[in-house]
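Here's a quick tour of a protein model, put together for someone just starting out. Have a look at the sequence and the 3D view, then work through the points below.

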Amino acid sequence: MKLESADIILYVNDRKDWFSTFKRWASGRYEHVSMYIGKFHDIPMLYESDGRGVVIQNVAHQTGRSVVIMRPEITQIQKNKVIKTAFDIASSDKSYYDYFAIVKSAIPRLLKEKFSFLPVPSQYIRDAMMICSEATAEPFWRNGIEILPQDVIPLPIDYYTSPILKYVCEGKLLEDIVG
């Protein structure tokens, strides 16, 4: 199996510490999501949002992680547009990591899902700052591709059940599958 451009990479939270265990209970099996955008000058690259903001960077920093690969069932023309849009987003000086979205939208969503009886208000407003799951969805949304619903903050677990993503494989992210 080789990664293809626009493949979605879900990072499995498989650590055994108490915080990782709590995160799995609260938000599911996956703790991060990124998109493979292909090779540039023979270097495999990812599009993702991390603590530094929305970036395009070498896949090497994620090598060895347990992952699930999902492939969008869209045309190559659509994939090319998604990748171009990812570059545009990552190039914007407004594409910061949105720590506040975790508190404002993600935690209320998770509380509402776990404890439906609680009156937890949650409001989701898209903007230029993004957590990983927003950043990964945004290039699809901007090209009219409904990878996930746009009315609720996306979480990594949502990608596993996306109607336009097909499960490809699970394992370690290694150089030989990067393509």
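Let's start with helix H3, which covers residues 99-114. With 16 residues at 1.5 Å a residue, H3 should span 22 Å, and its end C-alpha atoms sit 21 Å apart, which agrees. Keep in mind that this is a predicted model.

**More on helix H3**

- Several residues of H3 are buried: Ala 101, Ser 105, Ala 106, Pro 108, Arg 109 and Leu 110.
- Which helices do the buried residues of H3 pack against? They pack against helix H1 (18-27), helix H4 (132-141) and helix H5 (156-160).
- Ile 107 also belongs to H3, but it counts as partly exposed because its relative accessible area is 40%, and the buried label needs under 20%.
- Ile 107 and Val 120 are 13 residues apart in sequence, and their C-alpha atoms are 9.7 Å apart in space.

- How many of the residues of H4 are buried? The count is 10 of the 10, so H4 is largely enclosed by the rest of the structure.
- The buried residues of H4 include Glu 134 and Glu 138, along with Pro 139, Phe 140 and Trp 141. Cys 132, Ser 133, Ala 135, Thr 136 and Ala 137 are buried in H4 too.

**The largest pocket**

- The largest pocket has a volume of about 750 Å³. It is lined by 30 residues, and the closest to its centre are Lys 23, Ser 27, Glu 31, Ile 102 and Leu 110.
- Which elements give two or more residues to that lining? They are H1, strand S2 (30-40), strand S3 (43-50), H3 and H4.
- H3 turns up again here: it provides the largest share of the lining, 7 residues.
- By type, the lining of the largest pocket divides into 17 nonpolar, 6 polar and 7 charged residues.

- Ala 6 has a phi near 75°, a positive value in a residue other than glycine. You'll find Ala 6 in the segment before strand S1 (8-12).
- Is Ala 6 buried or exposed? Ala 6 counts as buried, because its relative accessibility is 0%.
- His 41 has a positive phi as well, near 55°, and is likewise a residue other than glycine. His 41 lies in the loop between S2 and S3.
- His 41 is exposed, because its relative accessible area is 78% and the cut-off for exposed is over 50%.

**Tyr 167 and what it touches**

- Tyr 167 sits in strand S6 (residues 165-172). At 40% relative accessibility, Tyr 167 counts as partly exposed.
- What is Tyr 167 in contact with, leaving aside its neighbours within four places in sequence? Its contacts are Val 68, Ile 69, Met 70 and Tyr 160.
- Tyr 167 and Lys 104 are 63 residues apart along the chain, and their C-alpha atoms are separated by 31 Å.

Technical notes:
Residues are numbered from 1 along each chain as its sequence is written. This is a predicted model: local features need pLDDT of at least 70, side-chain atom pairs count only at pLDDT 80 or more; totals for chains, interfaces and linings use all residues. Side-chain values use heavy atoms; hydrogens and water are left out. Helices (H or I, at least four residues) and strands (E, at least two) are DSSP runs, numbered from the N terminus. The expected span of a helix is 1.5 Å times one less than its number of residues. Buried means under 20% relative accessible area, exposed over 50%, partly exposed in between (1.4 Å probe, protein chains only). Contact means heavy atoms within 4.5 Å. On a 1 Å grid over the protein atoms alone, a cavity is a set of points where a 1.4 Å probe fits but cannot get out, and a pocket is an open set with protein on both sides within 12 Å along at least five of seven lines; lining residues have an atom within 4 Å of a point. Grid points are joined across faces, edges and corners, and a volume is the space filled by probe spheres set on the points. Ala, Val, Leu, Ile, Met, Phe, Trp, Tyr, Cys and Pro count as nonpolar, Asp, Glu, Lys and Arg as charged, and the others, Gly among them, as polar.
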